[in-house]
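Colleague: Can you put the model up? I'd like to go through it with you.
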Amino acid sequence: MAVAPRHAELNEQINAYLDGELDGPTRAAFEQHLHACPTCQVELEQLRATRAALQALLPLRAPRPMTITAPATPDAAAGSWLARWLPWTWRLGSFAAAVCLLIAVVTAVLPARPGVPSLASTSAERAVAPAGGAATQQAAQGSGPPVAGRQNAP
Amino acid sequence: MREAEADAPLVAAAARGDTVAFNRLVLRYQDQAYTLCYRLTGNADDAADATQEAFLSAYRHIAELRGGTFRSWLLRIAANCCYDLHRQRRRRPTDSLDQRQVDESTDSAPLEIADPAIGPEDLALRGELESVVQASLLTLPEDQRLAVVLCDLYGFDYQAISAMTAVELGTVKSRINRGRRRLRDYLLTQRELLPSAYRLREE
């Protein structure tokens with residue numbers, strides 16, 4: 001067990017010694033060396049002071065609440081995708097119904113005016129129009145009665 | 001471990017998508033996560049961004065948490081978020097420059113958690129210590145900085161740090177050894193700025 005190479009080797013263990021991370025035999029060897037080595041003694045004290053300075057740093061407070069809002073998972077994202085698009089499909093449905101109703105009204109009303117060329121010129125087409133109108137009225141929900149009155153007026 | 005037992009039901013609920021349970025974990029650990037991010041980045045705004053990102057990432061991946069504590073798992077994620085942020089800033093150096101300018105002008109020093117046992121004089125000393133020691137940490141390479149901070153500020157042993165950072169025990173030992181020596185060298189050059197109680201002796 002030569003002394004000179006032991007210093008370099010054991011000095012490498014100095015922080016592990018400080019942290020109580022050396023196993024029994026290595027710790028005993030280090031302590032034996034430390035007792036006889038002023039360099040390691042000074043260094044150990046400096047490293048102990050360094051650790052004390054770090055440990056004296058106070059914990060900090062987060063500057064704002066770091067709480068999260070729901071849609072962070074892929075599943076939740078999929079849920080919100082559906083939630084975003086569902087109202088649109090409903091609105092699209094209502095819009096389509098309204099367009100159908102408008103066409104129905106126009107085709108029903110136009111032939112009644114004298115002198116205006118009719119779009120729904122045959123009786124067969126005219127017969128279909130009110131039926132389509134009634135169907136779209138139900139789909140459109142609530143825009144029914146006034147339109148029905150105009151259809152019947154002529 | 002009592003802390004881990006207290007977290008377990010919240011972690012399980014959060015894994016089922018319960019954001020209320022997850023947010024209770026957030027409130028329990030946000031200061032610890034933020035402190036780690038600040039110690040690693042030295043910048044209050046970056047630390048806040050990294051902390052927020054860490055909790056979002058933790059929520060997305062919480063079902064993958066098996067074994068180990070929520071605390072150590074979260075701190076590892078927070079450290080990774082700091083590295084990611086650092087890499088982003090390096091890729092866009094102008095952002096980083098702007099950030100520093102904003103930082104200087106708004107003086108966003110971190111808020112310490114008040115300890116009622118510390119008097120006003122002691123608090124002033126702490127302020128000096130804070131700036132010198134924080135500056136010393138920023139002189140270390142990232143891997144050494146993380147190992148030393150986890151060891152000295154969070155009290156993790158080498159085995160725990162090895163598990164958290166996914167490196168060999170010998171590597172942790174070497175990082176702490178080199179890191180703390182480097183801090184010692186820096187603090188020796190700054191000894192006049194340190195409160196006397198923490199001043200390093202040269203001999």
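Modeller: Here it is. A place to begin is chain B, where Phe22(B), Tyr29(B), Phe55(B), Tyr59(B), Phe70(B) and Trp73(B) form one aromatic cluster. Keep in mind that this is a predicted model.

Colleague: How many aromatic pairs are there over all chains?
Modeller: Six, from a search of the whole structure. One of them is Phe22(B) with Phe55(B), with 6.5 Å centre to centre and 80° between the planes, an edge-to-face arrangement.

Colleague: Where do Phe22(B) and Phe55(B) sit in the chain?
Modeller: Phe22(B) is in helix 2 (residues 19–41) of chain B and Phe55(B) in helix 3 (residues 44–61) of chain B. They are 33 residues apart, and the pair links distant parts of the chain.

Colleague: Is Phe22(B) buried or exposed?
Modeller: Phe22(B) counts as buried because its relative accessibility is 0%, and buried means under 20%. Phe55(B) is also at 0% relative accessibility and counts as buried.

Colleague: Why is the pair of Phe22(B) and Phe70(B) called edge-to-face?
Modeller: Because the planes of Phe22(B) and Phe70(B) stand at 85°, and over 60 degrees counts as edge-to-face. The ring centres of Phe22(B) and Phe70(B) are 6.4 Å apart. Phe70(B) lies in helix 4 (residues 70–91) of chain B and Phe22(B) in helix 2, so the pair ties together parts 48 residues apart in sequence. Phe70(B) counts as buried, at 3% relative accessibility.

Colleague: On to the interface. What area is buried between chain B and chain A?
Modeller: About 4,000 Å², with carbon and sulfur atoms giving 62% of that. Ile113(B), Arg180(B) and Arg181(B) supply 14% of the area that chain B buries against chain A, more than any other three residues. The contact involves 49 residues from chain B and 37 residues from chain A.

Colleague: How many salt bridges and polar contacts?
Modeller: There are five salt bridges across the interface of chain B and chain A. One of them joins the side chains of Arg61(A) and Asp31(B), at 3.8 Å from N to O. For polar contacts, the count between the two chains is 19 residue pairs.

Colleague: Which element of chain B gives the most to the side that touches chain A?
Modeller: Helix 2 of chain B, with eleven residues. Other elements that give two or more residues include helix 6 (120–137) and helix 9 (169–189) of chain B.

Colleague: And chain A, what is it made of?
Modeller: Chain A has seven helices and one strand, in the order α-α-α-α-β-α-α-α from the N terminus. Of its 154 residues, 32% count as buried.

Key
Residues are numbered from 1 along each chain as its sequence is written. Chains are lettered from A and ligands numbered from 1 in the order in which they are written. This is a predicted model: local features need pLDDT of at least 70, side-chain atom pairs count only at pLDDT 80 or more; totals for chains, interfaces and linings use all residues. Side-chain values use heavy atoms; hydrogens and water are left out. Helices (H or I, at least four residues) and strands (E, at least two) are DSSP runs, numbered from the N terminus. Buried means under 20% relative accessible area, exposed over 50%, partly exposed in between (1.4 Å probe, protein chains only). Rings of Phe, Tyr and Trp (its six-membered ring) pair if their centres lie within 6.5 Å; planes under 30 degrees apart count as stacked, over 60 as edge-to-face and the rest as tilted. Contact means heavy atoms within 4.5 Å. Buried area is the accessible area (1.4 Å probe) that two parts lose on being put together, summed over both. A salt bridge is a side-chain nitrogen of Lys or Arg within 4 Å of a carboxyl oxygen of Asp or Glu. A polar contact is a pair of N or O atoms within 3.5 Å; within protein, one must be able to donate a hydrogen and the other to accept it, and residues adjacent in sequence count only if both atoms are side-chain atoms.
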